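Look through the structure first, then read the points below.

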Amino acid sequence: MNFSTIDFVIFAVYCVFIVGLGLWVSRDKKGTTKGSKDYFLASKALPWWAVGASLIASNISAEQFIGMSGSGYAIGMGIASYEFMAALTLIIVAAFFLPIYLHRGIYTMPQFLEQRFNKSVKTVMAIFWLLVFVFVNLTSILYLGALAIQNIMGVDMFWGIVGLALFAAIYSIYGGLKAVAWTDVVQVVFLIGGGLVTTYVALDLLGGDGGVGAGVRTLVEKAPSRFDMILEKGQEGYMELPGLSVLIGGLWIANLYYWGCNQYIIQRALASKSLDEAQKGLAFAGFLKILLPLIIVIPGIICWTMIQEGQLNVLSKSDDAYPTLLNMIPSGIKGWAFAALVAAIVSSLASMMNSVSSIFTMDIYKSYINKGASDTHMVKVGRVTSVVALLIACFMAPLLGTLDQAFQFIQEFTGFVSPGALAIFLAGFFYKPANSAGAMAAAIGTFVFSAMFKLLLPGIPFIDRMMLVFLLCIALILLFSAFGKKNSEKQKELTYPKGLFKTSRAFKICSIVLVAILLFIYTIWW
């Protein structure tokens, strides 16, 4: 990509502003030092719009810009079901999960498991999450981000990884969640604005002399199969998105786990001013999720259509789709488009590091290594943990270079954790007889069952596999509940105060509007 002077200026201003803002909001007030509540939960002071913006900025990364565009190129609009269904999932999580978390006053997801079951369940799941966050999520974000920078600017993969890691570390490791959340508000403006500009320019290029309007018509006329939301057996991409299972099967497991039981995401809601602010923040994020396929899926379909029209050569791998389009953007707006991509990567890196440090510090270090650790000491441990996690991810990231669709890799291997974790949380929320033995069986069973299905029945789509594993984990919990040891004290805690699940009128209206939009989308693109 040939950057003009104005492109460099735009990108440089973005970098300086984000780092400056992160350091500014991270500063300690005179005479005070950061405690664990300040560092891990942003002093519980986030308003709804900051919660929603931070959720999206943390969620959208290179795995979406690069990975999901790659899947859009290879499969089509069907991959957008992850985004559309996430909008509905956010409403469910806001109404039924968040009230329980905030009522219990937790910092981390493992803390809920300890309160509801026991310390062993908490520890097993904390270790699982740390491994997935570091070796799958952090690693893939760094790899896909560096891949994009390499393809766009010719920067060597190693230096791209180092550069992204340092950028995210400069402000997030010192400032904690407060720095991450408030910079995310700016990051989301860059990533949505820059993403929309990229899609607009790509459509204009596809349309040739006819402009954007002709580009839209060409896209619809030349790529009708790429707009199928529900894929049929034998259709390209069916193994990743197996028909109606997308709507009624395993994709619910992936979404409910990701948005409702995932430290990386829920931490923003836990840091809100109140339950009402958190719920409105998730509803705001739901509206943004509906917009995102236009930014992260349509570019991949445009790239595929350009190849059919002879405007591009066939790509060597699907994940090259978005970088290829960025290379075609005219000078003058490249800096903004590139800043959007980097904003997505850096915000996700910063968020993931903070979640890793939260779980390790609160659930491993304070529980087993230094039970009497002070608030200020835990902040120091959290910072060291972030550095170590980032270094491990930097070493592991280049190993992902053989993948064609990294987004699918992330979904599949996260799917080893999600069925059992969701089963445990749902039982912990709403099933009084659930006990720690059943929860532990499900925690171990999710990996055992997933590995067995993948090795012995590889022909089962991984989304269907997640549903089967989820049902088996639920069966384990029911079995151990029926024949195992009862814990009456823990079960008493499952009695919730009256009105806990009551939501505001504004939240109800937003929920109805979101459902109506989703029904319209699936009716049009069935």
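**Aromatic rings and their surroundings**

F97, Y101, F112, W129, F425, F429 and F430 are joined into a cluster by ring pairs. The model is predicted. In total, the structure contains 23 aromatic pairs.

**Two ring pairs**

- F96 and F501 make a tilted pair, with 6.3 Å from centre to centre and 40 degrees between the planes.
- Because F96 belongs to helix α5 (residues 81–104) and F501 to the loop between α24 (488–492) and α25 (505–524), this pair ties together parts that are 405 residues apart in sequence.
- F96 is partly exposed, at 41% relative accessibility, and F501 is also partly exposed, at 29%.
- Y258 and Y264 form an edge-to-face pair, because their planes stand at 80 degrees, with ring centres 6.4 Å apart.
- Y264 has 4% relative accessibility, so it counts as buried.

**Charges over rings**

- K119 is placed over the face of Y368, 4.6 Å from the ring centre.
- R226 has its charged end over the ring of W304, at 4.1 Å from the centre.

**A nonpolar surface patch**

- Helices α7 (119–153) and α19 (375–396) each contribute at least two residues to the patch.
- L131 is in helix α7, and its relative accessible area of 44% makes it partly exposed.

**A buried asparagine**

- N255 sits in helix α12 (residues 250–260).
- N255 counts as buried because its relative accessibility is 4%, under the 20% cut-off.
- Apart from neighbours within four places in sequence, N255 contacts Y82, M85, A86, T89 and G260.

Notes. Residues numbered from 1 in each chain as written. Predicted model: local features only at pLDDT ≥ 70, side-chain atom pairs only at ≥ 80, totals over all residues. Heavy atoms only, no water. Helix = DSSP H or I, 4+ residues; strand = E, 2+ residues; numbered from the N terminus. Buried < 20%, exposed > 50% of the residue type's maximum accessible area, 1.4 Å probe, protein only. Contact = heavy atoms within 4.5 Å. Phe/Tyr/Trp six-rings, centres within 6.5 Å; stacked < 30°, edge-to-face > 60°. Lys NZ or Arg CZ within 6 Å of the ring centre and 35° of its normal.
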